[in-house]
Each structure stands twice: as C-alpha cells, then as structure tokens.
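Biologist: I've got a new model open and I'm a bit lost. Could you walk me through how to read it?

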Amino acid sequence: MENLEDLKIMAEQWSYQGIEYLQKIPPTQLYAAVGVLLFTTILLLLSIRLVRRTKSNTVLLSGLSGSGKTVLFYQLRDGSSHQGTVTSMEPNEGTFVLHSKNAKKGKIKPVHLVDVPGHSRLRPKLEEFLPQAAAIVFVVDALEFLPNCRAASEYLYDILTNANVVKKKVPVLLCCNKTDKLTAHTKEFIRKQMEKEIEKLRASRSAVSTADIANDFTIGIEGEVFSFSHCCNKVTVAEASGLNGETVQVQDFIREYIKP
Amino acid sequence: MYNSSRHIKHSLFTVHSNEPPPASTKQRKMLEQLLIFTRGGLILWTCKEIGNALKGSPIDTLIRSCLLEERSGEVSFNYGAYTLKWTFHNDLGLVFVAVYQKILQLLYVDDLLSVVKQSFSEIYDPKRMSYDDDFDETFRQLRMEAEARAEEMKKTKQVVKPLSSGVKKQGQVSKEETKKSSGVGGGSKKDGEGKVSSLTNGNHHDDVANGKENTAENNSNNNVVGLDVSKLAKLRSKGVRGRGGVRKADSIGSNKGSSKVEPPKKATKKNRVWDDAAASKQEEKLDFTDSVDENGGNDDHVDVVAADQGESMMDKEEVFSSDSESEDDDDDEPRSDEKPEAKKKGWFSSVFQSITGKANLERTDLEPALKALKERLMTKNVAEEIAEKLCESVEASLEGKKLASFTRISSTVQEAMEEALIRILTPRRSIDIMRDVHAAKEQRRPYVVVFVGVNGVGKSTNLAKVAYWLQQHKVSVMMAACDTFRSGAVEQLRTHARRLQVPIFEKGYEKDPAVVAKEAIQEATRNGSDVVLVDTAGRMQDNEPLMRALSKLINLNKPDLVLFVGEALVGNDAVDQLSKFNQKLSDLSTSGNTRLIDGILLTKFDTIDDKVGAALSMVYISGAPVMFVGCGQSYTDLKKLNVKAIVKTLLK
C-alpha cells in the first residue's frame, strides 16, 4: 500500500517536472520536433503503402490439362519448347524477361510467370496462386475445343467468380492455343461458345441459394445474356501457337498489364 | 566399346571386357522407351536409339491415373501392351520412366532405372535443357551393363542383389504377395498378369485398368464365385425363394427399413395399416401387387411436406474452426515414436538434423514418422490397405528429398500426407449435378440416377433427401421403386413421394427391376420429369446373381449417374464392397461402354465423430468423388463433402 502511494507521488512529481521542462523549451523548437516526427510517420506510412501497391507482377498460365500451358511457358522463357512436355504434376515458376524474336528496346522488367497444372486434382494449387496474380492467361485448346468446352467454361467461370479476381479486377486473356493446325477453331467461335456455356452455368448456379458450390460472386448482368464485356475485369481473346512459337499476342498482353 | 568402362564411376560390377555383348540388336528392342522429365512436365531426355513412337500416350496416362492418384508406391503400371516402371528423384524433382512390352518380363529395368537416376543426377543442371550429347553415350553404357548383368543373373541363376531402391521394391512386392495369400484383397501389381485394358485413353476408363489390376488376382482364384454357388444350393434346399442372398442380412435390412419408416409416421401410428387384411392371410406369398391400389385410404394420414423444412444443408456454407494444428502436433509427435532403443538416437539426431536441415531423407528416417501416421489414419477408420498404400506413396515422393532447415521430419511427412490427401479427395471431374441436369433437360431426356449399395446403408432415405434438395432448386423429380424384393420398400418410397409431392413409378413386388426402371424412364420422358431417381435393392457384393441383376439394370437403362451409397461406419469392408461392385459392373457389362460407379453418397455421417476415414478409403479405391454426405434422418440432412475439414480431422 505504501509503495503504491509512493509511486503515485513520484509519478506526479515527474509529470510536473516534465511540464516545467517543456515550458522551458522555446516554442519553435517544440514545433519543429513535432513536425519532424509527424513528417517521418507520414513518410513511413506512404512507403509501406507504396510497397504494398507494387504487388507482384505475377502472370498465371492456367487452363485445362493438355491445352499447352507448359509449352507456352517454355516458349515465353526460352523461345522453344525443347523436347516436348508431359502432364505437369507441379507448377512451373520463373522470373525472366520474355523471350522475343526481335530485340527489344530499352529495359524490360522481368516477369514472374507461373504455369499452374490443369489437372482437376491439382485445382487447389490455382487457389494458392490467385491472390498474387496480376494478370491471368487462360489457355484453351482450339483444336479439341468442343469436347472440352464444358470443362473449360466451368474452369473459367470459377476463375472469373473468384473473390481475388473480382476485387482486384485482374485482367484475363482467353488464349486459343494450337492455332497452327488446320482444323483449329477461330477465336471468335471460341469466344462465343464460351460465352454461351458460361451463360448456361450462370443459369444453373444462380438457381441455387447464395452459398453454393463455393462461388464467391456471380458475374454478368441480370436478365441479359452473358458476354465477356459484362465482367468488371477486362477479358480479351487472342490466338497463339505454342509449338510454332507464335506468342506475340500473349506477350503484348503481358507487357501491357505488367507495367515496368 | 568397353574401354570406356573406366570412365563410368558407377559400374558396381566388373564386366568381363572380353565378352562381346550378347545378341545386342535383339535385346535392344526389348526396352521401348526411357524418359526423364521434370515434375513440372518438361521432358529432359529420351532415348534416341529406340526410335519407336509409343502407341497411345502411356506417360500421360501413367501420370494421370497412377502418380496423381497417389499410387506411386506401386511397382509398375500396365497400359495397353506396355508396362511402365518409374522412379523419382525427389530432391531434384525428376521422374524416370521406362516403358517396355508387357509380355517380356525384363528383370533389369529396376536396376537400370536406379543407375540412370544416379548418373543423371550428377550431370543435372536446372538451367540446362538438353542433355543429349552427354547422356546418350552414358545411357548406352549403362544399359549394356544392365543387360549384361541380367544375362549373368540368368546364367548363374542367382538373385543378384540390386541397388537399394530395387530391394525395397521387391520387398514391397513380397509383402503384398503375403498379404494376398492371407486373403486380404491386396493391390499387388505384377508384370504380365491381369486383364489388359484395351479401352481407349479416356481418363474415366483408366480406373478400370487400375480396378482390374487390383482385383485381377482375386478373380483368378475364383473363390468368390464358388462360394456363392454353394451358398445358393444350400439356401435353395432350405426352401427360401430362389433369389439367393443371405436371409439374415435381408431381415436386418428390413428391420432397418421399417425403423426408418417409423419416424415419418409417428404422428399417425395408430392408423398405420400394413396393407390391409390381405397381408396377414397370405404370409407365404410375397407379392403385394393387388394391395397397392387399396392404399388410397392412407393418403389423408400422411403429412404433406411443403417447402418448409428449411434449407437443405447442401446449400449452406460449412463453417469450420481453423484451430492451430501445430500445437496439437507437438504434443502427439514425441509420444508417438517411442521405441526405446531408437529413442535417444532418434530424438537427438532429428533435432540436430532439423536445425541444420541438410540431410537427405532416407527410408529409415521416414519409416517411424510414416508408421505413426499410418496408425493415426487407422484409428480414424481408414482401411488398413489404403493407409498402407498411401504411406508408400508418400514415402516414394519424399525419399531423397532435402530437409528444409528448421523443420522436423515428422512435419515434412505430415505436410506431404496432407497434400496427398487433398489431392485424392479433390474430385477428378466436376460434380455439378445441376449443370448435368440442365444439360439433360436441353436434350429433352430425363437425368437418371441409380442408387446402389449393400443392405441397410440408407439408400431409400437418402434418395428422398436428394429428391427434396432437387425440388428446392425447382427441378421436377420422379422416383422409381425398383426395389422389388424387400418387403415394405415400395411403401416406404411411396410415403416419401407423398410427403414430397413427387410422382412415383412402381410396379409392386417380384417384378424385374431392370424392366421397371426402363418403364419408369419412359414414363418420365412422357410427363416431362427432369430427374428420375431409381431405388434398387441392397445386395452384398459377393452375391453373384444379384450383382448380375444390377448389371443388367445398368446396361439396359444406361443411367447418367451410378451412385454408390456407402455408410461412414464401414471399416475395411468399404474397400471390398467398392472394388467388387466395380469389378462386377465391368465384367458383366455387355456393350462397349462400361459403366462404373460414378459417385459416392456417404451416409450416417452424424454417427461418427471424427472417424471419417471411410470417405478416404472409398474415394481412393474407386476414384469416384463423394457427391453427397448424409448426416441425419430428416430431409434437410444432406451436405457436400468439405475436403479441407476431412483432411484436418484425419490428420489431427
């Protein structure tokens, strides 16, 4: 008890002394000190926010198994797909400058490219990478499109309704691969088919209650047929050929959205 | 050519340099292909000498139906006319696969793979993409040496001890052999045995190959069929009606069935009349066809269920608490591996290793952790074989890997197991039933679901729950009572149909279920129902005539979804049930398109607390996803499987 009393008295004494001391300092110095303190805190906060905003320049390559993501990855990295690929069991990651045939001018910022396996059992891996994605390239096999149309559209639907993608408005490129083959479909056809399939998905999934099959959001406008222009994030379509190395459109997309 | 043997550092056996390579051109054709690729999918090296292109895509099929299905602990994999063997280098993330003709039983392949692995890992560089110039020569040497060794082995008729991994693989084979002989349906894959899956590459059908391989050995014994015939003869002599099946099981089933009928009718117990006076008079005759029409009087007493039972749990988000797992692990781990002699060494060295983190994981290191994990899985009601196979698969994927610093072996093993479990339980195809129903609707035909399973698992109850859920989503449902054997089955379904206000198609008892189902589907097409739910009689997996009848039903009606109903209480029998069902369905299928079990409905989930292992066993053995989980006896007690929660519970 006495200790408490003593402590209280001592605290009071200190506070008086502190106030006296402060009053002794000329006001200008005081203001200057406070000003500097404020300034540094603001600077610190800003820099933290800036660091956070320069989010990773990660580009995700996703799509069904067999659509040509790994080939595309190696084309973008090395300019050739080497000796061929098999079904990926793990993601391929790399940070590099995009390989392009014509020498580029000036400094190009290296891009962090991630090729996520498309096999349905490895779907959880995609969710690991989605939070850090700055752009997504969704690769579709233009040759074997119709048999896989439904699975591809479900996958794309899951990506487009993912919370991270919607909130950050991540741009998506629908890349039609294997266009070097004669019987490959055109990108317009593929786009229309995907829109139709997603429309059907929308109808079947919005008939259920809000918390169903883990879709965080719905896309499109009520009452209208779905079109990619309804998405809040930008969805564009491009063509590419992994085996021949024609990846110009993909590279342009990546360069556009990963600003140096 | 043998002068360069000096340069080969790894030739553990001296090759007689005077001897010319025996019949080398002929032997060279025996190995079809040898590939080295990364886990990310890039092919690093293929053998250029053997130029044959492989028929089909065996490597992709291997990856999809074996390695990604957590069966990497198996010895080999058969595909078409080829057999594939593989080995991993887990530290560098490389996979080595050898392909050869199935009819040839090459002994040197394991040996060759391990030597290739060692020599390739020396020259491997992540930056380098092409190894042709270096490795071609090395490979040729290694192969000739391996072939020579095999020749010597054959000549001297001694079993030469191959390198360490080979020993373990052979040890596994013999382990599995003893298991098989003890009667447990093991999954040992031997080269050159078993039915060839001549089906095309559809991923769906690769399970057939696996399922067939797994149970090929069982089938070859033909014990099962023999038992049934004798059982049947015995039963016939006792005067039971010639439907076979164990009488006891049926009576148990009917007890359970009647107890299920009890709750809905509790309010009106007094008025329940079991088919009027006719039943009491005609005890021998099991045909109740006449009395069906007279049940009109019971209508008033059955409560009609409006949509007011609330939301089915299928539509509710599952909220599970994410408790910190690491704290629990720390308590469990030190207690679990308590071998007195290995304890001191184990603890100290594991702590040391965990800090330095440089050690390569060896099988001996992994064994205690894996054993503990297997025990834990088995206490959670995972079937013993499945736990064993899973542990082998995880072992195969961790062996040789470098421990990251500050991690213990047990936590690495735990993480690997968790990933493997999530991979198994994640469905291979989309389980969006609504979408399928809509697709069928567009084609103007009903979507047919057949519920199969053994006796007493809850098929009829869960059928009603599924009907309720579908109704809530504005899909018109029709029930088909194809359980024409068990007394009370048709009435049970009729009661459910009345409560849900759903049309029911029934033909009474003692009718052929396949024909009843066919007519039901025609009726549904006529009156425009979207979905037809077909209820079948429970049957034991060993009962040949009943399985044949089921197969006939499925072949005749070609349903869209064959749903296997299994209870979560089942233990090791789950493996047997599912594999036999699948096997019978594939054996007895007449048309080219074999239908297997497409999905699993897990019932009585509320009766198990955390012993959720049956889900894992069933999914692993059949490859079919769990589409629904029944967790109670009212209509809303149907939910989806939450993969992460189950994995967490299994590893807790």
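Modeller: Let's take it step by step, starting with the chains and ending with single residues. Keep in mind that this is a predicted model.

Biologist: Okay, the overall picture. How many helices and strands does the secondary structure of chain A come to?

Modeller: Counting the elements is a handy way in. Chain A has eight helices and six strands. Read from the N terminus, its elements go α-α-β-α-β-β-α-β-α-α-β-α-β-α. Chain B comes to 22 helices and 13 strands.

Biologist: Now helix pairs. At what angle do helix 16 and helix 17 of chain B cross?

Modeller: You look at the two axes: how close they come, and at what angle they cross. Helix 16 (residues 459-472) and helix 17 (residues 489-500) of chain B have axes that come within 10 Å and cross at roughly 20°. Angles under 35 degrees count as roughly parallel, so helix 16 and helix 17 of chain B are roughly parallel to each other. Their crossing is right-handed.

Biologist: Which residues make that contact?

Modeller: From helix 16 of chain B come Ser460(B), Thr461(B), Leu463(B), Ala464(B), Ala467(B), Tyr468(B) and Gln471(B), and from helix 17 of chain B come Gln492(B), Leu493(B), His496(B) and Leu500(B). Sorted by class, that contact has six nonpolar, five polar and no charged residues.

Biologist: Let me try a second pair. Why do helix 20 and helix 21 of chain B count as roughly parallel?

Modeller: Use the angle again. The axes of helix 20 (residues 573-587) and helix 21 (residues 613-622) of chain B come within 9 Å and cross at roughly 30°. The cut-off is under 35 degrees, so helix 20 and helix 21 of chain B are roughly parallel. This crossing is right-handed. Helix 20 of chain B brings Ala574(B), Val575(B), Leu578(B), Ser579(B) and Asn582(B) to the contact, while helix 21 of chain B brings Ser617(B), Met618(B), Ile621(B) and Ser622(B). By class, you get five nonpolar, four polar and no charged residues.

Biologist: On to single residues. Is Ser119(B) buried or exposed?

Modeller: The value to check is the relative accessible area. Ser119(B), in helix 3 (residues 109-123) of chain B, has 8%, and under 20% means buried, so Ser119(B) is buried. Its side chain reaches the backbone oxygen of Val116(B) at 3.3 Å.

Biologist: Ile123(B) is in helix 3 of chain B as well. What does Ile123(B) touch?

Modeller: Leaving out residues up to four places away in sequence, Ile123(B) touches Arg128(B), Tyr131(B), Asp134(B) and Phe135(B). Asp134(B) is 11 residues along the chain from Ile123(B), and their C-alpha atoms are separated by 8.4 Å. With a relative accessible area of 26%, Ile123(B) is partly exposed.

Biologist: How about a residue in a strand?

Modeller: Thr46(B) is buried, at 16% relative accessible area. Leu35(B) is 11 residues away along the chain, with 4.6 Å between the C-alpha atoms. Leaving out residues up to four places away in sequence, Thr46(B) touches Gln83(A), Gln33(B), Leu34(B), Leu35(B) and Asp136(B).

Terms used. Residues are numbered from 1 along each chain as its sequence is written. Chains are lettered from A and ligands numbered from 1 in the order in which they are written. This is a predicted model: local features need pLDDT of at least 70, side-chain atom pairs count only at pLDDT 80 or more; totals for chains, interfaces and linings use all residues. Side-chain values use heavy atoms; hydrogens and water are left out. Axes are lines fitted to C-alpha atoms, for helices over the stretch in contact, and angles run from 0 to 180 degrees between N-to-C directions. Helices (H or I, at least four residues) and strands (E, at least two) are DSSP runs, numbered from the N terminus. Angles under 35 degrees count as roughly parallel, over 145 as roughly antiparallel, 65 to 115 as roughly perpendicular and the rest as oblique. A crossing is left-handed if the near helix is turned anticlockwise from the far one by less than a right angle, and right-handed if clockwise. Contact means heavy atoms within 4.5 Å. Ala, Val, Leu, Ile, Met, Phe, Trp, Tyr, Cys and Pro count as nonpolar, Asp, Glu, Lys and Arg as charged, and the others, Gly among them, as polar. Buried means under 20% relative accessible area, exposed over 50%, partly exposed in between (1.4 Å probe, protein chains only). A polar contact is a pair of N or O atoms within 3.5 Å; within protein, one must be able to donate a hydrogen and the other to accept it, and residues adjacent in sequence count only if both atoms are side-chain atoms.
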